[in-house]
Amino acid sequence: IEDPLEKEVSEYYNKNVNNFYSQKKVSVRDLRVQSKGFADSLFSTLESGASFIELASLYSSTNPDGGGLVEPFIKGKYNDLGVAAFSLKPGNYSNVVANLDGSFSIVFLEGFLQPSPLGLDAVRVRIKTSIIREKQEDIKVKGVRALLDSYPLWINPLFFNQGLVSEKF
């Protein structure tokens, strides 16, 4: 089967755009430091009313110039940090979280980003694969129909009732 034409890909995308949405993401700030004791101290400072963004700007190893802002991510990313982020309410911060690299973070949830349609370029390969599979299935069905139309066929219904065919099939 040949690669689908660009026109086919575009038409398929337009018909099925509701099937091509991004996952829900979180926008967070990460106050990441190397020591558990320092992370605990920063947590206490936050509890006293300090600004998360100011502390992240001063002490975080993650994007200090941006106040610890991290690129939005989906559920299942960043291990415990990601779990903590998705468990928060917007405007809240987490307890101290241990990271796999030996650092420690306090996560501040800016908010949730709702799913949105993915662009055609992001799903082009997936669409081409779907179109090819549909064409392959169509060829199989047409081939079987052609065989059934070409030869007389009679199926004994008792064959299926006499235990001659395993029920696993």
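For the charge count I took Lys and Arg as positive and Asp and Glu as negative, leaving out His and the chain ends. On that basis I found 19 positive and 20 negative side chains in the protein chain. The centres of the two sets lie 5 Å apart.

A reminder to myself: this is a predicted model.

**Entry: overall build**

I went through the secondary structure next and noted six helices and four strands. Going along the sequence, I wrote down the order α-β-α-α-β-α-β-β-α-α.

Then I looked up the dimensions. The C-alpha trace spans about 85 × 45 × 25 Å along its principal axes. I got a radius of gyration of 28 Å for the protein chain, whereas a compact globule of 169 residues would have one near 15 Å.

**Entry: surface and contacts**

I checked how much of the chain is tucked away: 28% of the 169 residues count as buried. The exposed surface comes to about 11,700 Å², and carbon and sulfur atoms supply 54% of it.

For contacts, I looked at pairs of residues at least 6 apart in sequence, and 69% of these contacts join residues at least 24 apart.

**Entry: lysine 36**

Lysine 36 lies in helix α2, which covers residues 36-47.

Leaving aside residues up to four places away in sequence, I saw lysine 36 touch Val96 and Phe104.

Note on methods:
Residues numbered from 1 in each chain as written. Predicted model: local features only at pLDDT ≥ 70, side-chain atom pairs only at ≥ 80, totals over all residues. Heavy atoms only, no water. Helix = DSSP H or I, 4+ residues; strand = E, 2+ residues; numbered from the N terminus. Contact = heavy atoms within 4.5 Å. Rg over C-alpha atoms; globule rule 2.2 N^0.38 Å. Buried < 20%, exposed > 50% of the residue type's maximum accessible area, 1.4 Å probe, protein only. Areas by Shrake-Rupley, 256 points an atom, 1.4 Å probe, with all protein chains shown as cover. Charge placed at Lys NZ, Arg CZ, Asp CG, Glu CD.
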